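Let's take a walk through this complex together, one region at a time. Keep the structure open beside you as you read.

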Amino acid sequence: MSRDTLVSFEGVVKTFGSFVAVQKLDFEIKKGEFLAIMGSSGCGKTTTLRMLAGLEAPTEGVIRLSGKPINDLPTWSRDTPMVWQSLALFPFLNVRENVEFALKMRGVGKAERRKRAEQWLDRMQITEFAERNISQLSGGQRQRVALARSLVVEPEILLLDEPLSALDAALKVRMQSVLKNLQRETGITFVYVTHSQSEAFSMADRVVIMSRGVIEQIGTPQEIYRTPRTRFVADFLGSSNLFSGKVRAGGQGQVLETPTGQFVLYGQVAAVGEAATLTVLDTKTHLSVEKPAGAVNVVPVRVIGEEFVGATATLYLETAQGQEIRVQKGHDEIADLPTDIGQSLYAWWNPQDGHLVAEA
Amino acid sequence: MSGSAELNRSRTVDWALMLYVVLAYAFVFAPIAASFVFSFNSDRFPSIPLGEFSLDWYRAVATDPLVWDGARNTLFVGLIVGIVSTALGFGAAYTDYRYKFAGKQVYLALALLPPTIPVIILGLAMLAYLSRINLSGNALSVIISHVVVCAPFAMAIIRLRLSQMDPALEPAAWNLGASEWMAMRHVIVPFCAPAIFGALFITMAVSFDEFAVAWFVSGLNETLPVKVLGFLQGQVSPRINAIGTFVFILSMTLVILAQLLLSGRGAKPADKE
Amino acid sequence: MRRPITLYGLTFSLPLLIWQVLFFVFPLLFLVALSFWTVKNFVMQPDFDPVNWTTIYGRAVFWQAYGTTLTLAAAAAVLTSALAFPASYAIAFKLSDTARRWAVFLMVIPFFTSYLVRIYSWQIFLSDNGIINVILGGIGLGPFQMLNTVGATMIGYLTLAFPLVVLLQLFSLVFIDRTLIEAAHNMRCGRLRTVFEVVIPSARTGLVIAALFCFILAFGDFVSPVYLGGGEPTTLSILITDTTKSGQQWPRAAVIALTMIGTLMVVAFAAVKFAYKGKSK
């Protein structure tokens, strides 16, 4: 364990009856980082967070906070404040009383409590609502109250369980920058659970992707985006074209033999004979009318649809074998390309843009 | 997600609370159980140690013509009260479900408030009012007063059932050509049937046990609970236990029937399970 | 959406309205009129004479009974609520769903047993030669006088109101958002403190309404004070039954009844206001 480790999960398992929510978690959370834990519902991400908060007890393994095992500490003896998906603001207390709650529980005197709450109300720009009831606030204001309530004790770590899921799209984006700035300014470690890729990738320093209680990959958003470690991750991100097949020796290096064709791999990457999946980002997949000269990985395709969102165009294509291929480009990049439905084109990519992952 | 973690609970506290719950139920059921036990006990002044097993008190009750009169009155009153309160309660529940109108708050207050007025005051008011309009001192006066108290229960039970109904069902029936009356007959009533029978049994059970208002207004046509009040006013008599046990079994039969109807297959929304 | 009044609609809404106006509103209004009637030679005469009000309000006995009833009912509300709360709390938070359903079912049973029979049963427990004294005698204690005491009256009120109070409390406790409790724990609020800081404030409306119902039941009950309390001290309900059943002093009984209703309305209004305080500030 390195010196900048704040939390470590060591062989942590959690079962509910016969249901295994989390199987053998081993990872570390660094001091001051913004870590997002991402996955679809039931993947164990919330359970992981709740174990850290002391709301669930691990069935096996050890969770350490600043080096000390915290398995047996009840939640009220840990300093792991959490922001709930429902926010869990106390409806019978007003905004100020909500923010002061944690200080009151720590026996902080009235005047001091008020002063510190005031600072956070101010920082979250909700001072004017201090005396209001929770029911009178908008979604965004509630969000700020929940953050102030958890941060008022100035903890080392803040846990967030999909706190933005109830907001509309525009507000979500605004709150993301609020959260990111808050984390940068305070240096508090944020552990952020979400099912949203855009939330995780836009805010987090590192992302943990979970599936069925197992960590599929940990890394910076860039690493994960460019080099997904498993087929699951590539699938989950949904931003690559996937080709499954078997690795063969061929030409100067290796090729992947797939039902769609044979593709040249970049360098010596896998054992010959192994089943693997080639992932190519949709932004790195190119199109042309004529068969491009010199390109080694070419697939003849037919246009089956197109979609424009903002400045990006997405083209949907189909190979002769029926596999769907997606290409994302700027408008100007495809301006000269005929894209009527049924149009025949060639899809191609450079071998160095292909990334091979093990078949899960 | 299951409740809070084991680590945030204390075994000792949990056990202490469980013990407390058991004691609470013991307190609630002690008089009920004692009444049952002592109804089979020979002693004139019931206490422990128990005397011999005997059916004397049942025999004494069974051979008392006044008790039989009371039982007949009770059943007669209960049956009519059940039917009338359920009918009125159904109408009120449907009104609340379907219509919005000025003064609805007042309407609902009238439909639901009576059980919150102390029975003794209701009894006095009923006695004074009904004797003024020459309706006091007979079974009819008991029926009238009991319906006032029971209709709100029927309304609450049936309203709950209506709130479980898909609000599109009735308009769907109209849309398919049913008149309002036909929709009522073929959609609303069948859907509410379990609650209607449930309300019928519950209101009957409430009427069976009501003694205070009945005591004020019944005159010579005493119902069984009023009879019990009489025994209580006289000297201590284990006959109360015998009658109590009998009425308890009768009431519980009705309640269990109601429970089966309300929670049985009919009560679940048709599209689930 | 407002629809025109139709025969169909009236068929369902009118019967209850008519019934409750005729047999609920009118009797209560008649009680007001009755309180101004006079009684001469044991015969009531329609009149408009405040003599009944002045007579009743001029009697020390009435005010004593009023004070007694108010105190007893308030004590019953507090005591029942306090005794019921740990049970409701345990049923709401510590039992499985199945066990909770059973607990609720069992708590409903007392509503369908005769209150009178249960009170009589308590006499068997509490009398001088009753079950409790026999048991205490067995270990060399007593006998204690338990029947015909205020304590026995309280047991009667508990018998009357405890199941209802538990059910009402339970109903508000089970709807508490569990994440609020977790959030409190998460902010250093221990188990017991969470009960006072979060659980009780969250369930306040239900807890107050439960106490209010207990107050109303105890305030109007005449069975417990008479058959367990021995009629001493006199409560308003005893006063009403005595006044009604002996002689034709119904107008005076009406004065007492109206005073009771007035008191209940004030208490209920205050309680409801407190219960919903801050809910829609």
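**A guided tour, starting with chain A**

In chain A, take the contacts between residues at least 6 apart in sequence: 63% of them join residues at least 24 apart. Please keep in mind throughout that this is a predicted model. The predictor gives the complex an ipTM of 0.90 and a pTM of 0.84.

Chain A holds 8 helices and 20 strands. Along the principal axes, its C-alpha atoms fill a box of roughly 75 × 45 × 35 Å. Of the 360 residues in this chain, 40% are buried.

Let's turn to the sheets of chain A. Strands of a sheet pair through backbone hydrogen bonds, either parallel or antiparallel. One open sheet of chain A has 6 strands in the order β6-β7-β8-β3-β9-β10, and its pairing is mixed. At its edges are β6 (82-83) and β10, each of which pairs on one side only. You can follow both ends of this sheet.

Look for A:V207, which stands opposite A:G219 in β10(A). The hairpin of β9(A) and β10(A) has 2 residues between the strands, and in this hairpin A:R212 takes a positive phi near 45°.

Chain A also has an open sheet of 5 strands, in the order β15-β19-β16-β17-β18, with antiparallel pairing. Because β15 (286-288) and β18 (324-330) of chain A each have a single partner strand, they stand at the edges, and one side of each is left without a neighbour in the sheet. From one strand to the next, the twist averages 45°. Within this sheet, strand β16 (residues 297-309) of chain A and strand β19 (residues 344-349) of chain A run antiparallel and are joined by 6 bridges. A:P300 is the residue standing opposite A:Y346 in β19(A).

Now for a helix of chain A. Why is helix α2 (residues 95-105) of chain A described as largely enclosed by the rest of the structure? The reason is that 9 of its 11 residues are buried. Those buried residues of α2(A) are A:V95, A:R96, A:N98, A:V99, A:E100, A:F101, A:A102, A:L103 and A:M105. They pack against α3 (110-123) and α4 (139-151) of chain A. After α2(A) comes A:G107, whose phi is positive, near 75°.

**Where chains B and C meet**

The contact between these two chains takes 66 residues from chain B and 65 residues from chain C. On the side of chain B that touches chain C, several helices each supply at least two residues, among them α1 (11-38), α3 (65-98) and α8 (180-209) of chain B. The largest share, 15 residues, comes from α1(B). By class, the residues on this side of chain B divide into 50 nonpolar, 11 polar and 5 charged.

For a close look at one piece of this contact, find helix α4 (residues 104-112) of chain B and helix α1 (residues 7-34) of chain C. Their axes lie 10 Å apart, and the two helices pack at an angle of about 65°. The crossing of α4(B) with α1(C) is left-handed. From α4(B), residues B:Y107, B:L110 and B:A111 meet C:L16, C:L17, C:Q20 and C:F24 in α1(C). This contact has 6 nonpolar residues, 1 polar residue and no charged ones. An α-helix has 3.6 residues a turn, so residues three or four places apart point the same way.

**Inside chain C**

Chain C has a mean pLDDT of 89, and 97% of its residues reach 70 or more. Among its elements, strand β2 (residues 43-45) of chain C has the lowest mean pLDDT (80), and helix α3 (residues 60-94) of chain C has the highest (95).

Our last stop is C:S81, in helix α3 of chain C. Is C:S81 buried or exposed? C:S81 counts as buried because it has 23 C-beta neighbours inside 10 Å, where 20 or more are needed. Leaving aside residues up to four places away in sequence, C:S81 touches C:V165, C:L207, C:A210, C:A211 and C:C214. By contrast, C:S81 and C:F144 are 63 residues apart in sequence and 27 Å apart in space, C-alpha to C-alpha.

Notes
Residues are numbered from 1 along each chain as its sequence is written. Chains are lettered from A and ligands numbered from 1 in the order in which they are written. This is a predicted model: local features need pLDDT of at least 70, side-chain atom pairs count only at pLDDT 80 or more; totals for chains, interfaces and linings use all residues. Axes are lines fitted to C-alpha atoms, for helices over the stretch in contact, and angles run from 0 to 180 degrees between N-to-C directions. Helices (H or I, at least four residues) and strands (E, at least two) are DSSP runs, numbered from the N terminus. A crossing is left-handed if the near helix is turned anticlockwise from the far one by less than a right angle, and right-handed if clockwise. Two residues are in contact if their C-beta atoms, placed from the backbone, lie within 7 Å. Ala, Val, Leu, Ile, Met, Phe, Trp, Tyr, Cys and Pro count as nonpolar, Asp, Glu, Lys and Arg as charged, and the others, Gly among them, as polar. A residue is buried if 20 or more other C-beta atoms lie within 10 Å of its own, exposed if 12 or fewer, and partly exposed in between; C-beta atoms are placed from the backbone. Two strands pair if DSSP finds at least two bridges between them. pLDDT is the predictor's confidence in each residue, from 0 to 100.
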